Amino acid sequence: MAKALKTNAVIDRRTRLALLVVATGLCAGLMPLGAIGALFSPLIFDGRGNLFNPLAWLGFLLMIGFWIVCIVAPFVAWIYWRREKETQAWALMSAPLIWGIATIVVLQFVPG
């Protein structure tokens, strides 16, 4: 138990590689959901007055861009991984998660 609570525990490179593969698989799994969201994104303007609502436009752009981020982020993250820049690689792998959370938050404030 005390070993699990150790804050400066180092994860070996092989485990980090396996986690990066899992994160890439999760991004690949989210791509079809992002593509479906991009197809239905124009429906955000169906509500009255949403055509002139800046949050609706932001939500529209976030929905369109989500599947693109799910494609590009793992690709660039693997490039950084091969160049031994693991911190930047993990930051890029978190981009789809952050993008998805931002999309969900913005869409909560769009009147429908």
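User: What is in the largest nonpolar core?

Analyst: Keeping in mind that this is a predicted model, the largest nonpolar core consists of seven residues, namely Leu 20, Ala 23, Cys 27, Ala 77, Trp 81, Ala 89 and Met 93.

User: Which elements give two or more residues to this core?

Analyst: Those elements are helix H1, covering 13–40, helix H2, covering 54–82, and helix H3, covering 86–93. The largest share comes from H1, which supplies three residues.

User: And Trp 81, which residues is it in contact with, leaving aside its neighbours within four places in sequence?

Analyst: With those neighbours set aside, Trp 81 is in contact with Arg 13, Arg 16, Leu 17, Leu 20, Glu 86, Ala 89 and Trp 90.

User: What does the second core include?

Analyst: The second core is separate and has five residues, among them Phe 45, Ala 56, Phe 60 and Val 110.

User: Stepping back, how many helices and strands are there?

Analyst: The protein has four helices and zero strands. Its radius of gyration is 18 Å, well over the 13 Å that the globule rule gives for 112 residues, so the protein is more spread out than a compact globule. Along the principal axes, the C-alpha atoms fill a box of roughly 55 × 30 × 20 Å.

User: How much of it counts as buried?

Analyst: Of the 112 residues, 29% count as buried, while the protein exposes about 7,900 Å², with carbon and sulfur atoms supplying 73% of that area.

How values were computed:
Residues numbered from 1 in each chain as written. Predicted model: local features only at pLDDT ≥ 70, side-chain atom pairs only at ≥ 80, totals over all residues. Heavy atoms only, no water. Rg over C-alpha atoms; globule rule 2.2 N^0.38 Å. Buried < 20%, exposed > 50% of the residue type's maximum accessible area, 1.4 Å probe, protein only. Areas by Shrake-Rupley, 256 points an atom, 1.4 Å probe, with all protein chains shown as cover. Core = buried A, V, L, I, M, F, W, Y, C linked by side-chain atoms within 4.5 Å. Contact = heavy atoms within 4.5 Å.
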